Amino acid sequence: MTKQCDAGGSRSDPIYVTRSFLPPLEEYVAELRTIWDTHVLTNNGPAHNALMSALKEYLSVRGLSLFVNGHLSLEAAIKALRLEGEIITTPFTFASTTHAIANTGCSPVFCDIKESDYTIDESRIEALIGPRTSAILPVHVFGYPCDLGAIEDIARRRGLRVIYDAAHAFGVRVGGRGIASFGDISMFSFHATKVFHTIEGGALAYGDEALAAELNLIKNFGISGPDRIERVGFNAKMNEFQAAMGLVCLRHIGSEIEKRKGRVALYRELLAGIEGLRFSEDAAGMEHNYAYFPVLIDPRAFGCTRDDVFEALAGRGINARKYFFPLTSECPSYASARGASSTPVARYCADNILTLPLWSEIPDEAIARVCETISSLRRRA
Ligand SMILES: *Cc1c(COP(=O)(O)O)cnc(C)c1O
C-alpha cells in the first residue's frame, strides 16, 4: 500500500461483507413440526413439493426442480441437455460456473465481458463459436441481466442451447418478465449468503416441462423405479429441512429486497460524486434484487488502487470482498482453455472491483463508516 492510500484509524466493531437472513425462529420451528409428524426427511417430501409450487409462482416459470445446492443443479442442467464439446462462458464469475462445465466432461471457452454491467459481451460470442460448440453459459452478474435478446438471437441462428447462471438474480424481472423465462434453463443458488436461501440449495427453472423427469432422474442416482437404473446420475436432492427454511424465507422476500434497496440507496448517496468510483444505478424497466453493491475503482482517477482500498477498509475492521477475483480462467486447470488469456475487460474488472458490505439490516452507521473510509482515501490522494 502506498502511504497516501493508508486511511489509518483504529479498529472498532468488525463489519462483515454480508450476513445471512434468518427468519423468526418460531416460524421455522412451526415448519419443522410437519417433518416430525410425517417422518419424511428427504426425497420429495411435503415441504419440498410446497416450495417447488411456491417458487414456480414467484419466479413465473412453468418448470422448476429443486437441488441440494446451486452448483450440482448447474451440472444437472448440462447433463439433462446432454451437452458435449465446448461451452462458451465468461471467466468473471464464481468458480462454480466454470467447474460445472469441466466436471460434466465439456470444455469452457472464455468470452470477454462488458465493463458496463460485467455480463458477457454478446458482440464477441459468435467469433468463438466453433464446430464443437454446443451451448452458451452466461452469468447474470450481481443480478444484472445479460443481453437476453442478443443471446437468444445468436442461439437460435447457430443452433446452440443457453443455460443462464442466475445465482445472483433471484427475483429479478425484466420488462415485467421473470429473469428465468429466458434461455433453456436458468440456475438459482439458495446458498445462505444469497438474497433468498434454503441454508444450502439451488433450483433450475425452465420452460420445457419434459425436463422435469430427466432432472429428477439425474439428481436421484439415475434411478427411475424400484427395479431400474435408467442413466448415470448423482445425489443432489433438496432435503425437507432446507425446503422448510425456503418456505419461511420466501414469506419475507418482499421486505428483504425492499430493505436492501434502501441500503443501496444510502451507499449511492454517500458515495455520489467521488471521482474514480463507479457503481451501477437502477435500469429502466427492471426490478433489481440488490444482492450486491459492487464498486469499480479506476486507480488513476481515484488515486488509490482497489487493493489499497481493500487494505484500508480491513484496517478499520471492514470486510469488503474482491468479487470476482481471481478470474476462473486463472485456475491452472483452465490455462489451456480457448480464450483463457484474451479477456482484457474481465481482467480489468477483476483487478479493480470491490463489493462492499451489504445485508438487509446493515446499520446506517456501518455504511457511513465504509463510505467515510473510502472518501478519506480520495481526499488524501
Ligand atoms: C453462489 C454461486 C454459485 C454456486 O451456488 P451454490 O449454491 O453455492 O452451489 C454459482 N454461480 C454463482 C455466480 C454464484 O454466485
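Is Ser 189 buried or exposed? I looked up its relative accessibility, which is 9%, so Ser 189 counts as buried. Buried means under 20% relative accessible area, exposed over 50%, and partly exposed in between (1.4 Å probe, protein chains only).

Notes on the source. I am reading a predicted model, in which local features need pLDDT of at least 70 and side-chain atom pairs count only at pLDDT 80 or more, while totals for chains, interfaces and linings use all residues. Residues are numbered from 1 along each chain as its sequence is written, and side-chain values use heavy atoms, with hydrogens and water left out.

Entry on Ser 189. I found Ser 189 in strand β8; helices (H or I, at least four residues) and strands (E, at least two) are DSSP runs, numbered from the N terminus. Its side chain reaches the backbone nitrogen of His 191 at 3.2 Å. This is a polar contact, a pair of N or O atoms within 3.5 Å; within protein, one must be able to donate a hydrogen and the other to accept it, and residues adjacent in sequence count only if both atoms are side-chain atoms.

Entry on the ligand. I listed 16 residues around the ligand, and the closest are Gly 70, His 71, Asp 165, Ser 189 and Lys 194. To be listed as near, a residue needs a heavy atom within 4 Å. A ligand oxygen is 2.8 Å from a polar backbone atom of His 71. A ligand nitrogen is 2.8 Å from an N or O atom in the side chain of Asp 165. For Tyr 323, a polar side-chain atom lies 3.4 Å from an oxygen of the ligand. The elements giving two or more residues to the shell are α3 (70–80), α4 (95–103) and β8 (185–189).

Entry on α3. I checked how enclosed this helix is: 9 of its 11 residues are buried, so α3 is largely enclosed by the rest of the structure. Among the buried ones are Gly 70, Leu 72 and Glu 75. At the start of α3, a side-chain oxygen of Asn 69 reaches to within 3.2 Å of the backbone nitrogen of His 71. Just after α3, I noted that Arg 82 takes a positive phi of about 50°.

Entry on Gly 254. I placed Gly 254 in helix α8 (residues 253–271). Gly 254 counts as partly exposed because its relative accessibility is 48%. Gly 254 and Asn 289 are 35 residues apart in sequence and 9.6 Å apart in space, C-alpha to C-alpha.
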